[in-house]
Amino acid sequence: MNHGQILSDYCYSPPNCPMSMNNTLPPNMTEYLFTLLYDFVEDMNPDMEMCLDFCESQGIYISDPVYDVITDLLWNKENN
């Protein structure tokens with residue numbers, strides 16, 4: 001799974017959802033920052049704590065959706 005697929009998983013709202021979440025990212029997380037995080041995981045093989053520190057150093061608020069993105073990135077890195 002590439003980072004585009006993970007990103008689209010978090011940026012898609014179901015047809016019956018009253019909120020339009022299409023083409024949006026978790027709060028305070030731009031596509032550029034997501035790409036930085038993806039590259040960090042690919043290059044550094046970090047654990048969760050390192051990812052959280054990296055996000056905080058980039059000014060990313062660790063919301064539940066951001067935590068979910070990190071979890072998925074780490075899981076995909078470990079299992080692919």
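View 1. Leu-74 is buried, with a relative accessible area of 16%, where buried means under 20% relative accessible area, exposed over 50% and partly exposed in between, computed with a 1.4 Å probe on protein chains only. The model is predicted, so that local features need pLDDT of at least 70 and side-chain atom pairs count only at pLDDT 80 or more, while totals for chains, interfaces and linings use all residues. Residues are numbered from 1 along each chain as its sequence is written, and side-chain values use heavy atoms, with hydrogens and water left out. Leu-74 is found in helix α4, helices being DSSP runs of H or I with at least four residues, and strands runs of E with at least two, numbered from the N terminus. Leaving aside residues up to four places away in sequence, Leu-74 touches Val-41, Pro-46, Asp-47, Met-48 and Cys-51, contact meaning heavy atoms within 4.5 Å. From C-alpha to C-alpha, Leu-74 and Tyr-38 are 9.3 Å apart in space and 36 residues apart in sequence.

**View 2. The crossing of helices α2 and α4.** The axes of α2 (residues 31–44) and α4 (residues 64–79) come within 10 Å and cross at roughly 35°; axes are lines fitted to C-alpha atoms, for helices over the stretch in contact, and angles run from 0 to 180 degrees between N-to-C directions. On the α2 side, Phe-34, Leu-37, Tyr-38, Val-41 and Glu-42 meet Val-69, Ile-70, Leu-73, Leu-74 and Lys-77 of α4. By class, this contact has 8 nonpolar, no polar and 2 charged residues, with Ala, Val, Leu, Ile, Met, Phe, Trp, Tyr, Cys and Pro counted as nonpolar, Asp, Glu, Lys and Arg as charged, and the others, Gly among them, as polar.

**View 3. The salt bridge of Lys-77 with Glu-42.** The side chains of Lys-77 and Glu-42 meet in a salt bridge at 3.8 Å, N to O, the term requiring a side-chain nitrogen of Lys or Arg within 4 Å of a carboxyl oxygen of Asp or Glu. Because Lys-77 lies in helix α4 and Glu-42 in helix α2, the pair ties together parts that are 35 residues apart in sequence. Lys-77 is partly exposed, with a relative accessible area of 27%, and Glu-42 likewise counts as partly exposed, at 35% relative accessibility.

**View 4. Cys-51 and Cys-55.** The count of disulfides, pairs of cysteine sulfur atoms within 2.5 Å, comes to 0. The sulfur of Cys-55 is 6.7 Å from the closest cysteine sulfur, in Cys-51, which is too far for a bond. Cys-51 is buried, with a relative accessible area of 0%, and Cys-55 is buried, with a relative accessible area of 0%.
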